[in-house]
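Please view the sequence and the model together while reading.

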Amino acid sequence: MKKYSIILSLAVLIIQSSYGQLTIEQCYEKAEANYPLIVQYDLIEKSKDYNLSNASKGYLPQIQLSAKATYQSDVTQIPIAVDGLKGLSKDQYDATVDINQSIWDGGAIKAQKENIGTQAEVEKKNLDVTMYSIRDRVNQLFFGVLLNDEMLTQNTIYQEDLERNYNEVSAYVQTGLANQADLDAVEVERVKAVQNRTELIYSRNAYLEMLSAMIGEPIDHSTELVKPDTNRFYTLTNNRPELDLYDAQFRNLDAQKTEISAGLRPKFNAFVTGGYGKPGLNILKDKFTPYYIAGVSLSWNFGNFYTRKNSLGSIEVNKSMIASQRETFLFNTGLDMTQNVNEIEKIRQLLDSDRDIIRLRGSVRRSAEAKAANGTLSVLDLMKEVNAEQSAIQDRILHEIQLLQAIYNLKYITNN
C-alpha cells in the first residue's frame with residue numbers, strides 16, 4: 001500500500017506539472033518584470049545616489065593647490081637707503097594651499113539635494129506611466145486567446161451536431177425523404193466548420209505567441225487562461241499613475257523654488273591659506289619664506305536678485321502647464337469611464353437577450369429537425385435553422401468576452 005501511495009503521489013505531481021493555469025493578473029506581473037525598461041528603475045536610483053553624494057561633498061573642506069612664477073618689469077622701491085635692506089627681485093615665486101570650509105551656505109546644498117530627489121521621483125513616475133501601458137496590450141492578447149478558446153469549444157460542439165445531422169440525413173436518403181444534394185448541403189457545413197476551426201487555431205496560436213513574448217516565458221498550448229469573473233466589483237475612483245507623475249512634477253518645481261531662494265542668501269566660510277614663496281607676507285624680505293593666513297569670509301551674490309523674478313515666473317508658468325495637463329487628463333479619462341460604464345451595461349443587457357434568442361433558436365431548430373424527419377421540411381431549410389442557432393451562440397460568446405474586456409478596460413482606465 002505504501003508503494004501504491006508513492007506511485008499515486010508521483011502521478012498527481014506529473015499531472016499538476018503538465019496542466020497549468022494563468023490569470024491576467026499574473027500576466028501583468030510577468031510582463032512588467034520582463035519589459036526591458038524595468039532596469040531603468042535601478043539606474044535612476046543609482047544616478048540619484050551619485051548626485052546626492054556629490055552634493056553632500058559640498059559640506060567637506062574644499063582644498064585648492066596653486067603655484068606661480070612671475071617676472072615683472074618693475075618692483076616697489078624704498079626711496080631711502082636702509083642698511084641691510086635690499087630691493088625686491090623682479091622674479092617672484094609663490095605656492096599656496098587654500099582650504100575653505102563652509103559655515104553656512106544659505107541652505108543651497110540642502111535645496112540642491114531636495115531638487116535631485118524630486119527629479120529622480122519624476123523620472124520614476126514617468127517610467128511608471130510607461131510600464132502601466134503594458135497592461136492594455138496584455139488585455140488585448142489575453143482576451144483574444146479567451147475568445148478563440150470559447151469559439152473552439154463551441155466549434156467542437158457544432159461539429160458534433162453536424163455529424164449527427166449528417167447521419168440523420170444519410171438515413172433520410174436511404175428512406176427516400178432526402179437526396180444526395182441534401183446530404184451534400186450538410187457536408188458543406190461540416191467542411192466550413194473544419195475550415196473555421198483551422199482559422200481559430202492559428203489565430204489562438206498567434207495571440208498566445210505574442211502573449212508569451214510579452215511575459216517572457218513559454219506558454220504551453222495546454223495552459224488554461226483563467227477567465228475572470230464578470231461580476232467582479234469595480235470602482236470609478238481614478239488611481240492612474242499619471243496623477244502621481246503630475247504631483248511629483250509639482251514637488252520638483254517647489255524644490256526648484258527653494259533652490260532659487262537659497263541662492264539669494266549670503267554665504268559664510270572659514271578659510272586657511274598656507275604658502276611658501278619669494279617674497280612671503282613680508283615683502284621686504286627678498287627670500288623664500290613660509291606663511292599662512294586664516295579667517296572668515298562673507299560672500300553675497302546680488303546678481304541672483306536680478307533673475308529671481310523671471311526664474312520664479314517661469315516656474316509658475318510650468319506649474320500652470322502641468323495643472324492644465326492634469327485637468328485635461330482627468331477630463332479625458334472621465335469621458336472614457338462614462339463610455340465604458342455604458343458599454344458594460346449595454347453588453348449585460350445584450351447577454352440577457354442572447355439567452356432568450358438561443359433558447360428560441362434551439363426550439364425552432366428542434367422543430368425543424370422534426371419536420372425534416374417527417375419530410376415536411378427540406379434539409380436546406382433545416383441547415384438554415386441550425387446555422388441561425390449557431391450564430392446566436394457565437395454572439396453570446398462574443399458578448400461574454402466583450403463584457404470581460406470592457407470591465408478590464410475600465411479597470412485599466414481607473415487603475416483599480
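At what angle do helix α5 and helix α8 pack, and how far apart are their axes? In this predicted model, α5 (residues 134-175) and α8 (residues 303-374) pack at an angle of about 20°, and their axes lie 11 Å apart. Angles under 35 degrees count as roughly parallel, and α5 and α8 are therefore roughly parallel to each other. The contact brings R164, N165 and Y172 of α5 together with R365, E369, A372 and A373 of α8. By residue class, this contact of α5 with α8 is made up of three nonpolar, one polar and three charged residues.

Helix α8 can also be considered by itself. With 72 residues at 1.5 Å a residue, α8 should span 106 Å, and the 104 Å between its end C-alpha atoms agrees with that expectation. Just after α8 comes G375, whose phi is positive, at about 80°.

A positive phi also occurs at N415, a residue other than glycine, where the value is near 55°. N415 belongs to the segment after α9 (379-414), and its relative accessibility of 26% makes it partly exposed. A further backbone feature is the cis peptide bond that joins K278 and P279, with omega about -5°. P279 is placed in the loop between β5 (267-278) and β6 (289-299).

| Site | Angle | Value |
|---|---|---|
| G375 | phi | about 80° |
| N415 | phi | near 55° |
| K278 and P279 | omega | about -5° |

Where is T23 found, and with which residues is T23 in contact once its neighbours within four places in sequence are left aside? T23 is found in the loop between β1 (21-22) and α2 (24-34), and, with those sequence neighbours set aside, its contacts are with F142 and V226. T23 and F142 are 119 residues apart along the chain, yet 9.0 Å separates their C-alpha atoms. Is T23 buried, exposed or partly exposed? Buried would require under 20% relative accessible area and exposed over 50%; T23, with a relative accessible area of 24%, is therefore partly exposed.

Methods:
Residues are numbered from 1 along each chain as its sequence is written. This is a predicted model: local features need pLDDT of at least 70, side-chain atom pairs count only at pLDDT 80 or more; totals for chains, interfaces and linings use all residues. Side-chain values use heavy atoms; hydrogens and water are left out. Helices (H or I, at least four residues) and strands (E, at least two) are DSSP runs, numbered from the N terminus. Buried means under 20% relative accessible area, exposed over 50%, partly exposed in between (1.4 Å probe, protein chains only). Axes are lines fitted to C-alpha atoms, for helices over the stretch in contact, and angles run from 0 to 180 degrees between N-to-C directions. Angles under 35 degrees count as roughly parallel, over 145 as roughly antiparallel, 65 to 115 as roughly perpendicular and the rest as oblique. Contact means heavy atoms within 4.5 Å. Ala, Val, Leu, Ile, Met, Phe, Trp, Tyr, Cys and Pro count as nonpolar, Asp, Glu, Lys and Arg as charged, and the others, Gly among them, as polar. The expected span of a helix is 1.5 Å times one less than its number of residues.
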